[in-house]
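User: I would like to learn how to read the features of a model such as this one. Please take them one at a time, with the general idea and then the case at hand.

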Amino acid sequence: MLTKFHLREIAIFLPVFLPFLILANCNKEEALDYEKARRRMVENQLKARGVKDKKVLEAMGKVPRHLFVPEDIRHLAYADRPLPIGEGQTISQPYIVALMTECLSLKGNEKVLEIGTGSGYQAAVLAELVDSIFTIEIIEDLAMRARKTLSKVGYTNVFVKVGDGYFGWPEHAPFDGIIVTCAPESIPQPLIDQLSEGGRMVIPVGDYYQMLKLILKENGRLIEKEIIPVLFVPMKGEIRKGD
Ligand code: SAH
């Protein structure tokens, strides 16, 4: 039974805690909405277009993409399109992230290098699938933001470096997989050198016309496959001899 004392306590504490209760409930509803949107994305954008790798689909269904995009466009996070992430850069369309990840044929114990950290989303998807990710971003602000987001979401196996990814990360080479999310005019030699024997590299190549390529290193030789035409931001950096 409620006594006068109880009623007085409720009268004092309810106004204090009610906003928190409402907020907690809203956050829960919001999280559920994002989860639903993510499930729809996996069905309608990925499976429908032929992405089959179960682990890739699972990872894409798990990573909270909305936390990797700017707050004012969070409602668009699961849309079938790339989105601006500031500094004139973009987070790739979900299908392209899934397709590139699938191209790497990951089994779980690999070490992967990414060039173009951007928001950190692609690195997070990879972090769900393999041991360790080394990722390089040339714009310092983006690298810092990505580092913060990745640690907030709980990834401890992603290492972000500020620098020109053209030169790779020789201290941690060789890499079983290399994924490049900005487009150079030709495949950087340092990245070829840092790809392990039996390794795979997925990379958009070209300027006005870009082709997504899959490079396999087998018995010291390179096998090149063309995947699909794509449109990525160009690979920045100082003008390099021979480019
Ligand atoms: N993978 C990102 C998308 C990146 S967009 C994501 O999941 O959000 C491409 C990124 O490549 C941009 O952030 C751009 O600043 C970066 N970039 C361009 N040239 C680069 C270079 N030479 N080295 C490293 N990063 C580069």
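## Backbone, burial and ligand

Analyst: Ser-105 is placed in the loop between α3 and β3. Those labels follow DSSP runs counted from the N terminus: helices are H or I runs of at least four residues, strands are E runs of at least two. This is a predicted model, in which local features need pLDDT of at least 70, side-chain atom pairs count only at pLDDT 80 or more, and totals for chains, interfaces and linings use all residues. Residues are numbered from 1 along each chain as its sequence is written, and side-chain values use heavy atoms, with hydrogens and water left out.

User: Is Asn-219 buried or exposed?

Analyst: The classes rest on relative accessible area with a 1.4 Å probe and protein chains only: buried is under 20%, exposed is over 50%, and partly exposed is in between. Asn-219 is at 71%, so it counts as exposed. Ser-105 is at 31% and therefore counts as partly exposed.

User: How many residues of helix α3 are buried?

Analyst: In general, an α-helix has 3.6 residues a turn, so residues three or four places apart point the same way. Helix α3 (residues 94-103) is mostly covered, with nine of its ten residues buried. Among them are Pro-94, Tyr-95, Ile-96, Leu-99 and Cys-103.

User: Where is there a cis peptide bond?

Analyst: Omega is the angle to look at here. The bond from Ala-173 to Pro-174 is cis, with omega near 5°. Pro-174 is in the loop between β5 (158-162) and β6 (175-180). His-172 is found in the loop between β5 and β6 as well, and it is partly exposed because its relative accessible area is 28%.

User: How far apart are His-172 and Gln-194 in sequence and in space?

Analyst: The pair is 22 residues apart in sequence and 8.8 Å apart from C-alpha to C-alpha. Asp-131 and Lys-111 can be read in that way too: 20 residues separate them in sequence, and 6.1 Å in space, C-alpha to C-alpha. Asp-131 is in the loop between α4 and β4 and, at 49% relative accessibility, is partly exposed. Lys-55 lies in helix α2 (residues 54-62) and counts as partly exposed because its relative accessibility is 46%.

User: Which residues come nearest to the ligand?

Analyst: A residue is near a molecule if one of its heavy atoms lies within 4 Å of it. Of the 25 residues around the ligand, those that come nearest are Ser-119, Glu-137, Asp-164, Gly-165 and Lys-236. The shell is made up of eleven nonpolar, ten polar and four charged residues. In that count Ala, Val, Leu, Ile, Met, Phe, Trp, Tyr, Cys and Pro are nonpolar, Asp, Glu, Lys and Arg are charged, and the others, Gly among them, are polar.

User: Which element gives the most to the shell around the ligand?

Analyst: β2 does, with three residues. At least two shell residues come from each of β2 (89-91), β3 (111-115), α4 (121-127) and β4 (132-137). Ser-119 is in the loop between β3 and α4, and it is buried because its relative accessible area is 10%.

User: What does the side chain of Ser-119 contact?

Analyst: A polar contact is a pair of N or O atoms within 3.5 Å; within protein, one must be able to donate a hydrogen and the other to accept it, and residues adjacent in sequence count only if both atoms are side-chain atoms. A polar atom of the Ser-119 side chain is 3.1 Å from the backbone nitrogen of Tyr-121.

User: Which protein atoms lie 3.0 Å from a nitrogen atom of the ligand?

Analyst: One is a side-chain N or O atom of Glu-114, and another is a backbone N or O atom of Gly-116. For Gly-165, a backbone N or O atom is 2.8 Å from a ligand nitrogen. The protein covers 99% of the 580 Å² of accessible area that the ligand has on its own (Shrake-Rupley method, 1.4 Å probe).
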